[in-house]
Amino acid sequence: QELGLDSRAGYNLYICDESIAVAKRNDNSLKYYGGFEYIDSQDRIEMGDFVFYFNDDRVVSALEKLNEKQAD
């Protein structure tokens, strides 16, 4: 919710400066409830048991929302 996403969007999201990662087993929840199903495949990488999202407007918006909350 701190990212401005539905609470069902991901059970454990991992955040870094430019990307959002989710365990592959929870990726469908993030896609459906977080709107990440519209993210272009070039902005999504699967590595091991994780999926990383970056560059897309949806990701940037979520990260900006989190930064705003942390600044408050």
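Biologist: Quick one to start: which loop does Asn55 lie in?

Modeller: Asn55 lies in the loop between β4 and α2. Keep in mind that this is a predicted model.

Biologist: Okay. What is phi of Asn55?

Modeller: It's positive, near 65 degrees, and Asn55 is a residue other than glycine. Most residues other than glycine have a negative phi.

Biologist: And is Asn55 buried or exposed?

Modeller: Exposed, with a relative accessible area of 53%. The cut-off for calling a residue exposed is over 50%, so Asn55 makes it at 53%.

Biologist: Let's switch to the sheet. What order do the strands have?

Modeller: The order is β1-β2-β4-β3, in an open sheet of four strands with antiparallel pairing. The edge strands are β1 and β3, as each of these pairs on one side only. From one strand to the next, the twist averages 20 degrees.

Biologist: How many bridges join β1 to β2?

Modeller: Four, and the two strands run antiparallel. As an example of who faces whom, Cys16 stands opposite Ser19 in β2.

Biologist: What packs on the sheet, then?

Modeller: Helix α1 does, touching β1, β2, β3 and β4, and its direction makes about 30 degrees with that of β4. Helix α2 packs on the sheet too, touching β1, β2 and β4, with its direction at about 100 degrees to that of β2.

Biologist: Back to the pairs. How many bridges are there between β2 and β4?

Modeller: Five, again in the antiparallel sense. Here Val22 stands opposite Val51 in β4.

Biologist: What about β3 and β4, how many bridges do they have?

Modeller: Four, also antiparallel. Ile45 has Phe52 in β4 as its bridge partner. β3 and β4 form a hairpin with two residues between them, and Gly48 in the turn has a positive phi of about 60 degrees.

Biologist: New topic: α1. Which of its residues are buried?

Modeller: In α1, which covers residues 27-34, the buried ones are Asp27, Ser29, Leu30 and Gly34. They cover an arc of only 160 degrees around the axis, so they sit on the same side of α1.

Biologist: Which residues are exposed on the other side of α1?

Modeller: Asn28 and Tyr32 are exposed there.

Biologist: So what covers the buried residues of α1?

Modeller: The cover includes the strands β1 (13-16), β2 (19-23), β3 (44-47) and β4 (50-54), plus helix α2 (57-71).

Biologist: Why does Ser29 count as buried?

Modeller: Because its relative accessibility is 17%, and buried means under 20%. Leaving out residues up to four places away in sequence, Ser29 touches Arg8, Ala9, Tyr11 and Gly34.

Biologist: And what follows α1?

Modeller: Gly35, whose phi is positive, near 80 degrees.

Biologist: Last topic. How many residues has the largest nonpolar core?

Modeller: It has 14, and those with the most contacts inside it are Leu3, Leu5, Ile20, Leu30, Phe36, Tyr53 and Val59. β2, β4 and α2 each supply at least two residues of this core.

Biologist: Which element gives the most to this core?

Modeller: That's α2, with four residues. In soluble globular proteins, nonpolar side chains tend to be buried together.

Biologist: You listed Leu3. What is Leu3 in contact with?

Modeller: Leaving aside neighbours within four places in sequence, Leu3 is in contact with Leu13, Ile15, Ile20, Ala62, Leu63, Lys65 and Leu66. One of those, Ile20, is also among the core residues with the most contacts.

Key: Residues numbered from 1 in each chain as written. Predicted model: local features only at pLDDT ≥ 70, side-chain atom pairs only at ≥ 80, totals over all residues. Heavy atoms only, no water. Buried < 20%, exposed > 50% of the residue type's maximum accessible area, 1.4 Å probe, protein only. Arc of directions from axis to C-beta. Contact = heavy atoms within 4.5 Å. Pairing = 2+ DSSP bridges. Axes fitted to C-alpha atoms, helices over the stretch in contact; angles between N-to-C directions. Core = buried A, V, L, I, M, F, W, Y, C linked by side-chain atoms within 4.5 Å.
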